[in-house]
Amino acid sequence: MSNQSLARVTPDRLNDAAKLNPAISEFTGKHIMFYDGICSYCKGIVEAAMSSDQDARFFFSPLQSNFAQTALGSYGIDSCELRSMYVISDFGTSDEAVRAAAPASNFLLLNLSGELKSLGEMNARKPRAIQDAEYQAVADTRYNTHPKPDEIGIPDQNTRHRSTP
């Protein structure tokens, strides 16, 4: 991770960065993945997902963002608890739905291409209890296996168009 992406995050920098993000109306009908913004492992997943999302169907939002608090809060989820990754599919439509943990991970993977889609297909064949146990094992050890940075990085120019405000 570059030093620039870990530069001190101030309210002014966050506000300036948010002004460059897409308008919320651009998310309508898209899928939004909510991830732990201080988790190096999670950021790696986001980067891999962006490169495997050929149709740009996904946007990405740290759980710590105001957008995540509002969007997930409408489902009674406190995003600041950092208990799970979430996906809201078909955002802003009558088909909108929220998924958490293993189902969210599988939804993401199955809607990507290449090796990640294959991984999703393999996971989907496993019994749900196994999927949940594997997801929880990764979630419980993510900070041990991938040390967290001191603060949330701001998306760079190349990925900002796929980030929520």
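Predicted model: local features only at pLDDT ≥ 70, side-chain atom pairs only at ≥ 80, totals over all residues.
How many nonpolar, polar and charged residues does the lining of the second largest pocket have?

The chain has a mean pLDDT of 83, with 76% of its residues at 70 or more. Residues 1-8 form a stretch over which pLDDT stays under 50. For this stretch, the model has 11 contacts beyond four places in sequence.

The second largest pocket holds about 590 Å³ of space. Its lining comprises 28 residues, and those nearest the centre of the pocket are Tyr41, Met85, Ser105, Tyr135 and Val138. Two or more lining residues come from each of β1 (31-35), α2 (40-52), α4 (101-110), α5 (114-124) and α6 (128-145). Of the elements, α6 gives the most to this lining, with 6 residues. The opening question can now be answered by class: 18 of the lining residues are nonpolar, 5 are polar and 5 are charged.

Is Ser61 buried or exposed? Ser61 counts as buried because its relative accessibility is 0%, where the cut-off for burial is under 20% relative accessible area. Once its neighbours within four places in sequence are left aside, Ser61 is in contact with Ile32, Met33, Phe34 and Tyr35, as well as with Phe67, Ala68 and Thr164.

Definitions and conventions: Residues numbered from 1 in each chain as written. Heavy atoms only, no water. 1 Å grid on protein atoms, 1.4 Å probe; cavity = no way out; pocket = protein on both sides within 12 Å on 5 of 7 lines; lining within 4 Å. Points joined across faces, edges and corners; volume = space filled by probe spheres on them. Helix = DSSP H or I, 4+ residues; strand = E, 2+ residues; numbered from the N terminus. Nonpolar A, V, L, I, M, F, W, Y, C, P; charged D, E, K, R; others polar. pLDDT = per-residue confidence, 0-100. Contact = heavy atoms within 4.5 Å. Buried < 20%, exposed > 50% of the residue type's maximum accessible area, 1.4 Å probe, protein only.
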